[in-house]
Amino acid sequence: MTTSNDIPLASHPVDRAAHHRTDTAWLEAANLRDDVLVFLLQKGAPLVQMSGQNLVWLGPEFSRLPGLEASVFLGVDKAGAPVFAVNMGPSFKLEGSLLQGAGEFTDMRAAASGLSPMEANFAATARSLLEWHRSLLVFCICGSESEPTEAGWKLVCESIRLRSVR
């Protein structure tokens, strides 16, 4: 019998920990933890080791990189370590950074074929969320800017949010 765990992009390699998405204090502390796991994307392409077999994983040192644009909280792993994906701005260059020689940003379709099911799940989820943010910079109903909230899993229109508070 086939279950969702047998399908790479449907498997559940991580507890999505949705209850932490609205806890900004927890999220800020999670980014600083020694066991935090972070991988990078740029223009929808994940940073993959030169061998093409794994994502390049970072710890809290990711915060020293210039050009961080947006992040999404993907959940916690089996050991309880928080997992984030960070989108790097277009001006970020691997050359001259602390990641020089660690890997390269690789087209998602090409990268997914070499990644483990767990890493492919992470990369696909992060890419989907970050591309959604990019494509909906302007809210379709009123034309106001949209803002990611709930650790990247929700977009809100500031105009509508202000109207609902009144």
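Buried denotes a relative accessible area under 20%, exposed one over 50%, and partly exposed the range in between (1.4 Å probe, protein chains only). The model is predicted, so local features need pLDDT of at least 70 and side-chain atom pairs count only at pLDDT 80 or more, whereas totals for chains, interfaces and linings use all residues. Residues are numbered from 1 along each chain as its sequence is written, and side-chain values use heavy atoms, with hydrogens and water left out.

**Exercise 1. Salt bridges**

Solution. 

Step 1. The criterion is a side-chain nitrogen of Lys or Arg within 4 Å of a carboxyl oxygen of Asp or Glu.

Step 2. Another joins E131 to R134, the closest N and O atoms being 2.9 Å apart. Helix α3 (residues 117-135) holds both E131 and R134, 3 residues apart, about one turn of the helix. Helices here are DSSP runs of H or I with at least four residues, strands are runs of E with at least two, and both are numbered from the N terminus. E131 is buried at 19%, while R134 is exposed at 53%.

Step 3. E150 and K154 also meet through their side chains in a salt bridge, at 3.7 Å from N to O. E150 is partly exposed at 28%, and K154 is partly exposed at 37%.

Step 4. As a general point, side chains of opposite charge can pair when their charged atoms come close.

**Exercise 2. The nonpolar cores**

Identify the residues with the most contacts inside the largest nonpolar core, and describe the surroundings of L58 and L99.

Solution. 

Step 1. A nonpolar core is a set of buried Ala, Val, Leu, Ile, Met, Phe, Trp, Tyr and Cys residues joined through side-chain atoms within 4.5 Å. The largest has 21 residues, and V38, L40, L58, L65, F73, F84 and L99 make the most contacts inside it.

Step 2. Two or more residues of this core come from each of α1 (24-32), β1 (37-42), β3 (68-76) and β4 (82-88). A second, separate core of 19 residues includes V14, L41, L115 and L129.

Step 3. Contact means heavy atoms within 4.5 Å. With neighbours within four places in sequence set aside, L58 touches V36, L37, V38, L40, L65 and L99.

Step 4. L99 belongs to the loop between β4 and β5 and is buried at 3%. Leaving aside neighbours within four places in sequence, L99 contacts L40, L47, V56, L58, L65, F92 and L94. The C-alpha atoms of L99 and V56 are 9.0 Å apart, although 43 residues separate the two in sequence.

**Exercise 3. Aromatic pairs**

Classify the ring pairs W57–F122 and F92–F105.

Solution. 

Step 1. Rings of Phe, Tyr and Trp (its six-membered ring) pair if their centres lie within 6.5 Å; planes under 30 degrees apart count as stacked, over 60 as edge-to-face, and the rest as tilted. The count comes to 5 aromatic pairs.

Step 2. The ring centres of W57 and F122 are 5.8 Å apart and the planes stand at 80°, so this pair is edge-to-face. W57 lies in the loop between β2 (45-49) and β3 and F122 in helix α3, so the pair ties together parts that are 65 residues apart in sequence. W57 is partly exposed at 27%, whereas F122 is buried at 2%.

Step 3. F92 and F105 are likewise edge-to-face, at 6.4 Å centre to centre and 85° between the planes. F92 lies in the loop between β4 and β5 (103-105) and F105 in strand β5, so this pair ties together parts 13 residues apart in sequence. F92 is buried at 4%.

Step 4. Ring pairs also link W26, F73 and F84 into a cluster.
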